[in-house]
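Visitor: Please show me the sequence and the structure first. Then I will ask my questions one at a time.

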Amino acid sequence: MRTDRIGGSPNRVGGIGRVTGSQQYVADIRLQDVLEVKLVTLDCARARIISIDTSAAEQVPGVLLVMTAAHLPQPVPRFGPQFSDRPIIAVGETKYHGEPVAAVAAETKDAAEAAARLVKVEYEELPAIFSVAAALDPAAVLVQDPALRPNDPLAGTNVLREHRFGWADVEATGADLVVENAYTFPIVTHFAIEPHAFMAAPDGDGIAVWSSIQHPNWLQKILSQILGLPLAKVRVYAPDPGGGFGGKQHTKLEPLVAFMALRTGRPVRLILTLDETFQAVRRTSAEVRVRTGFMSDGTLAFQDVEANYLIGAYADIADRVVSKGSYPAAGPYRVPAVRIVSRSVLSHTTPATAFRGFGNPQVNWAVESNIDEGARALGIDRLEIRLRNLARKGEAFIPVDTPADGDWEQTVRRAAELIGWGTPLPPGRGRGLALGIKSGPTTGLSYATVRLLADGSVIVYAGTSDMGQGARTVFAQIAATELGAPLDWITVVMGDTAVVPYDQQTSASRSTVLMGNAILRACQSIQAQLRTMAARLHGIDEADIVVEGGVVRLPDRELSIIDVLKPGLGRLGGELVGNGEMRKDAEPDHPLSGSAAFFEFNCTAIEAEVDQDTGDVILVRYVTVSDVGKALNPLQVTMQDEGAAIQGLGHTLMEHFIFDDKGRIRNLGAIDYRIPTSMDLPLDMQSAIVENADGPGPYGSKGMSEGALLCVAPAVAAAVRDATGVAIRDLPLTPERVWRALRDRSTS
Amino acid sequence: MSEMIQTVLIELTVNGRRRALTVAANHTLLDVLRDDLELTGTKECCLVGECGACTVSLDGRIVDSCLVLAVEADRAQVTTVEGLAVDGHVSPLQQAFLDKGAVQCGFCIPGQLVAAHALLAENPHPTVPEIQEGLAGNLCRCACYQQITEAVLATAEGTDR
């Protein structure tokens, strides 16, 4: 088999640029006469802005503009993917630590930084909300002005939305054993190594904006609305982001730089520091209470889940994270009665947004851990109890949603086999195993254009962002497979809304399935044109011609595509153009407005021991197995699965924001906020996949890349529990926390 | 404090090419590489010497270029990611990064490559723990650590042949 076709693992398309340093991220692009922007922020979370004196800052040589809310259209426009609640710059009051109150544009970074320090803001610090408990206190101050939430019965509270899902009557369902526990999941941040970067420049009678963004078309729409420009006059360039993980999905400071560019008539650029990036994006934390009913044979009777997610001061996409993340909280199991109540709780903290796993890891941590507790109480093996309740393929385990779309037992058994489940362990070791499930995209719309040029080379236009997942490579492999061109004869064009057709977004592990299908259809359109061509050239009925696998099959022989294309195009040359569309419409009656395009399903199994003196968790063996339908590029699948697993070890073992009483993040930046390094890996790590070609994507593929992160925490905690007998229900399992738990056990 | 920034004339040899340039006394080697010399392969992230994205080789020693003032690098030999390719071809290490799947988003890769290159120069046959320790200062949020280690190992083995 050729390695550049589907199922092979060719070198990453765009890889050469990435290893030679020639790949240009936003901060690497040099615009002529660009002005540097520096933000001005306050040293607390919530404050009333009394006055802003920009006079000293304006005197700094090289400063062209000190922008405040006063320079913007009034009332200052607000925007957001779900609610239009975020102002372009703070208006009257800051809502979180790091919210900009002013921004300086200057000829040099030095001048911008010096001037930013000279902006004098008189402000009064105000009481603020940093926890679920404080937010839900009836006497709590309101994070959002009720006027921003017209016709909202919850407008007088800090609950942005309350979601209720489930089926049957939990209260009326009997159980032999009820296990109830509370779990917490910390605030963690994306820490993409590329800090967010934005540029804007006047562009004729419109504007051009560069952003390290995952959803360029969504940004284009928001800019068009705010600036009052037609879509065609807002050109968004979206160079490949240097890591996204959800943190770069939505519009942040692009409207601010756009207004600064229009006001100065010059290109401007704002490259955030890592510290500012911490203040710009984070995952929702959660407090989850789970009550699980079991029958004595381990059969699940009910799941009763209440999840309070702490979101930030502005909604961003966090409320969708809450609803979509909590919706499959009962897991991949057959559960007769389910009640899920989840709330998006506003606070004076960094706006929470999408982060790999999209709200699922928080509830999954709690629910999977609780199943372990039930199994232990019932004396049933923890693998066995899962297999006993696991939904079979085709089973409607969530009523009115997509039935189980994989033979999930294969995945679980494979993980159990690889970890040696049930085999004897050395003393001091323990094992844990957990399942993870996530709904794929519930709606989607992707267009692709494919051009087969006269020499047989191919250009693919796709609006997906390749932020490292390798979409560019997979798209090229689809085109190579369908149109016969070698991979290095294929160019994939992305990241320019003036050139590339519309794509809804790059999220929810959708692009292989949705954009992949759009590209496949565009290729099929070209194949149909080739059939017509071949029929004309050879005097054969079109119905007798097949184009597949990069060749044209006539009844009596096989031709390469180029053998048909060249004579078919004739002396003038030219090209064949194919367009493809993949649409998944909303379903108005569905609780999430759409059923899952597919499920991501993973089983993670771990063998661990704990250093009794330090509380260090040592991961001796780590196994992650995902059902991917079909691995279009097996190496990239491995990279995504292992990368997601190690990223998940961050929130499991070490990562969390620490706030002070002013709501300032105390561990802001790389020194005090630890993410996994090469020294934090499991001693042995194995990833495996299950392929039954039963997905909705090209060649039976399913989306993947979040699955392996979903159940890292419950699997690790279960192994720690198994090794030590201590159950810890708060993340992360830092050495200190584990050490304290061990000490409390031995003294109690 | 509207500052009068002092400038200094320095001389650097970057990727084998001698450059004389006037730099601001407060600018780091990273600033000068990226902004003055437009060698943007070296990346800027944490600015406190913790992430390794800005790793370069300074007189054969690995440094975080965000922590080195440009004036301190006067008369030094600097190698950045742009200097790793040989005669216009990627080096065996760069190729191994691609072959082993060590590159996802790519933003940390220039630093990883420069650090790994230096590690191999010092220790041509490193063990896995030596590689992991040697590259512990280079963060990869895509978490390609296993693949990076494999790429370094494969390159080391390749030099035996």
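**A guided look**

Visitor: Which class does Ala168(A) fall into: buried, partly exposed or exposed?
Guide: Ala168(A) has 14 other C-beta atoms within 10 Å. A residue is buried if 20 or more other C-beta atoms lie within 10 Å of its own, exposed if 12 or fewer, and partly exposed in between, with C-beta atoms placed from the backbone. Ala168(A) is therefore partly exposed.

Visitor: What kind of model is this, and how are its parts labelled?
Guide: Residues are numbered from 1 along each chain as its sequence is written, while chains are lettered from A and ligands numbered from 1 in the order in which they are written. Local features need pLDDT of at least 70, side-chain atom pairs count only at pLDDT 80 or more, and totals for chains, interfaces and linings use all residues, since the model is predicted.

Visitor: What is the phi of Ala168(A)?
Guide: Ala168(A) sits in the loop between β9 (159-167) and β10 (177-185) of chain A. Strands here are DSSP runs of E with at least two residues, helices are runs of H or I with at least four, and both are numbered from the N terminus. Ala168(A) is a residue other than glycine with a positive phi, near 55°.

Visitor: Is Phe191(A) buried or exposed?
Guide: Phe191(A) is another residue other than glycine with a positive phi, near 50°. Its place is the loop between β10 and β11 (197-203) of chain A. With 27 other C-beta atoms within 10 Å, Phe191(A) is buried.

Visitor: In what order do the strands of the open sheet of three run?
Guide: Two strands pair if DSSP finds at least two bridges between them. In this sheet, β2 (residues 47-53) of chain A is joined to β6(A) by two bridges, with Arg48(A) opposite Glu93(A). The edge strands, each pairing on one side only, are β6 (93-94) and β8 (120-125) of chain A. The pairing is antiparallel, and the order is β6-β2-β8 (chain A).

Visitor: What is the omega of the peptide bond from Gln74(A) to Pro75(A)?
Guide: Pro75(A) is in the loop between β3 and β4 (78-79) of chain A. The bond from Gln74(A) to Pro75(A) is cis, with omega near -10°.

Visitor: How far does α13(A) reach?
Guide: The expected span of a helix is 1.5 Å times one less than its number of residues. For α13(A), which has 25 residues, 36 Å is expected, and the reach from its first C-alpha to its last is close to that, at 36 Å.

Visitor: How many residues of α6(A) are buried?
Guide: Helix α6 (residues 254-264) of chain A is mostly covered. Its buried residues include Val257(A), Phe259(A) and Met260(A).

Visitor: Which element gives the most to the side of chain A that touches chain B?
Guide: Residues are in contact if their C-beta atoms, placed from the backbone, lie within 7 Å. The contact takes 49 residues from chain A and 48 residues from chain B. The elements of chain A that give two or more residues are α1 (15-20), α3 (109-118) and α15 (634-654). With eight residues, the one that gives the most is α15(A).

Visitor: How far apart are the C-alpha centres of the two domains of chain B?
Guide: Domain bounds come from an automatic or database domain assignment, which for chain B gives domain 1 (7-83) and domain 2 (92-158). Their contact takes 14 residues from domain 1 of chain B and 11 residues from domain 2 of chain B. The distance between their C-alpha centres is 21 Å.

Technical notes. Contact = placed C-beta atoms within 7 Å.
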